[in-house]
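Colleague: I have not looked at this one before. Can you take me through it?
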Amino acid sequence: MRIVDARVIVTCPGRNFVTLKIVTDEGVTGVGDATLNGRELAVASYLRDHVVPLLIGRDPARIEDTWQYLYQGAYWRRGPVTMSAIAAVDTALWDIKGKVAGLPVYQLLGGRSRDGVTVYGHANGETVEDVLVEVARYVDLGYRAVRVQCGVPGLPKTYGVSADKLFYEPADAALPSEATWSTPRYLAHVPTVFARVRDEFGPTLRLLHDVHHRLSPIEAARLGKSLEPYALTWMEDPVPAELPEGFRLIRQHTTTPVAVGEVFNTVWDAAQLIREQLIDYIRTTVVHAGGITHLRRIFDLAALHHVRSGSHGATDLSPVCMAAALHLDLAIPNFGLQEYMRHTEATDEVFPHGYHYADGYLHPAETPGLGVDIDEQAAARYPYAPAYLPVNRLEDGTVHPW
């Protein structure tokens, strides 16, 4: 069997996605997600111009060799564009491998380690009362874990708080919009939100909060300390991840668990944080960390150091990535949680898939491969539309320094 075609498909059914579809001479196809939020066309070009020509004629069964060829063979390694492109190839090859074997991909990864993949939803609102309503909605849907985000009094807009609760998409404009941020207001407000949520929903619901890299290490330590009475499952992205030393400072001051890693691209980005046990959950994704092959390496390292998975799963990852994540989540021994933001009906039309939600869990398809595809005719009806994530400024006008 040989690869005879590899198509890069860019579509925007409500938000932009980049998908690679690999075709073999025996008619077996595989799909991989290559979406990089706000930089989609950079990855599409990398694939079309630099990767696809290298794939034609290769044996699709040689997944590890192809990964090493694309990574080691490029002098300029790593980075989100390169690793997202490699991830698309790798994921598509695993999809083909499963179809040829007649097995769902999780069986090729060692089989089930659990019956279902525990997911968390996003409960957010402008006010605490709004948040309580949204948490209740997720509890009624069967969720066992909920991320809680709330508007900050005195700020006109807060990242992570949306009007459309089920289908939140933060990339909101053809040029980056700007919002105002105040760390003192935020630090004063967040503990009061979780006090109300815990009082309303009791001690067993798993609660999470995303800081979105907005704090300095000592500010994050203060937040973690103030949230200890409410027993969060994790405090996500408390500081920018470039400096592992910042996480060491946080660890010295609080027992609130820390999750980080959705912006990581390789095991080397996460290695120090994992080895020194400075984090509790690693949030790297299939699409941004080099595919199933490389993400499994990150999770294996994490398993040796009491760190669990908690992969990013927002709407900027297509159903192709979600399907791949679920197969890996089901197989690894150190699974923690999986973020799950529902896609729109238009997105589900473009990416027909077999995974499904039931009673707090996601379940991958039992069909051979990943159990997801792309409808190229449907995709063609939704052309690319520029969209960027917002930029934050402090109240004095400074671009947020962290």
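Colleague: Which residue in strand 7 does V146 stand opposite?
Modeller: V146 stands opposite L207. Bear in mind that this is a predicted model.

Colleague: How many bridges join strand 5 to strand 7?
Modeller: Three bridges join them, and the two strands run parallel. Strand 7 covers residues 206-210.

Colleague: And what about strand 4, how many bridges join it to strand 5?
Modeller: Strand 4, residues 117-125, is joined to strand 5 by six bridges, and this pair is parallel too. The chain gets from strand 4 to strand 5 through helix 5, residues 128-140, in a right-handed β-α-β crossover.

Colleague: Which residue of strand 5 is the bridge partner of G121?
Modeller: The partner of G121 is V146.

Colleague: Is strand 5 largely enclosed or open?
Modeller: Largely enclosed by the rest of the structure, because six of its six residues, 145-150, are buried. Both faces are covered: A145, R147 and Q149 are buried on one side, and V146, V148 and C150 on the other.

Colleague: Changing topic, how many cavities of 30 Å³ or more are there?
Modeller: The search of the whole structure finds two.

Colleague: Which residues lie nearest the centre of the largest cavity?
Modeller: Q149, C150, Y186, V190 and H209, out of 17 lining residues. Strand 5, helix 6 and strand 7 each supply at least two residues of that lining. Helix 6 gives the largest share, five residues.

Colleague: What classes of residue make up that lining?
Modeller: Ten are nonpolar, five polar and two charged.

Colleague: And which residues line the second largest cavity?
Modeller: Among them are T284, T285, V286, H312 and M322. Helix 11, residues 319-331, contributes the largest share, three residues. The lining has five nonpolar, six polar and no charged residues.

Colleague: What is the volume of the largest pocket?
Modeller: About 1,300 Å³. The pocket is lined by 43 residues, with Y159, H213, E262, V263 and L389 lying nearest its centre. By class, the lining has 18 nonpolar, twelve polar and 13 charged residues.

Colleague: Where does V260 lie?
Modeller: V260 is in strand 9, residues 258-260. Its relative accessibility is 0%, so V260 counts as buried. Beyond its neighbours within four places in sequence, V260 is in contact with residues including D237, F247, L273 and I282.

Colleague: How far apart are V260 and W234?
Modeller: They are 26 residues apart in sequence and 9.5 Å apart in space, C-alpha to C-alpha.

Colleague: Which residues of helix 9 are buried?
Modeller: V267, A270, A271, L273 and I274 are buried in helix 9, residues 267-275. What covers them includes helix 8, strand 9, strand 10 and helix 10. Q277, which follows helix 9, has a positive phi near 55 degrees.

Colleague: Last topic, the backbone. What is the phi of R78?
Modeller: Near 65 degrees, a positive value in a residue other than glycine. R78 lies in the loop between helix 2 and helix 3. With 34% relative accessibility, R78 counts as partly exposed.

Colleague: And H212, is that buried or exposed?
Modeller: H212 is buried, at a relative accessible area of 15%. Its place is in the loop between strand 7 and helix 7. The phi of H212 is positive, near 60 degrees.

Key. Residues numbered from 1 in each chain as written. Predicted model: local features only at pLDDT ≥ 70, side-chain atom pairs only at ≥ 80, totals over all residues. Heavy atoms only, no water. Buried < 20%, exposed > 50% of the residue type's maximum accessible area, 1.4 Å probe, protein only. Helix = DSSP H or I, 4+ residues; strand = E, 2+ residues; numbered from the N terminus. Pairing = 2+ DSSP bridges. Right-handed = clockwise from strand over helix to strand, strands pointing away. Contact = heavy atoms within 4.5 Å. 1 Å grid on protein atoms, 1.4 Å probe; cavity = no way out; pocket = protein on both sides within 12 Å on 5 of 7 lines; lining within 4 Å. Points joined across faces, edges and corners; volume = space filled by probe spheres on them. Nonpolar A, V, L, I, M, F, W, Y, C, P; charged D, E, K, R; others polar.
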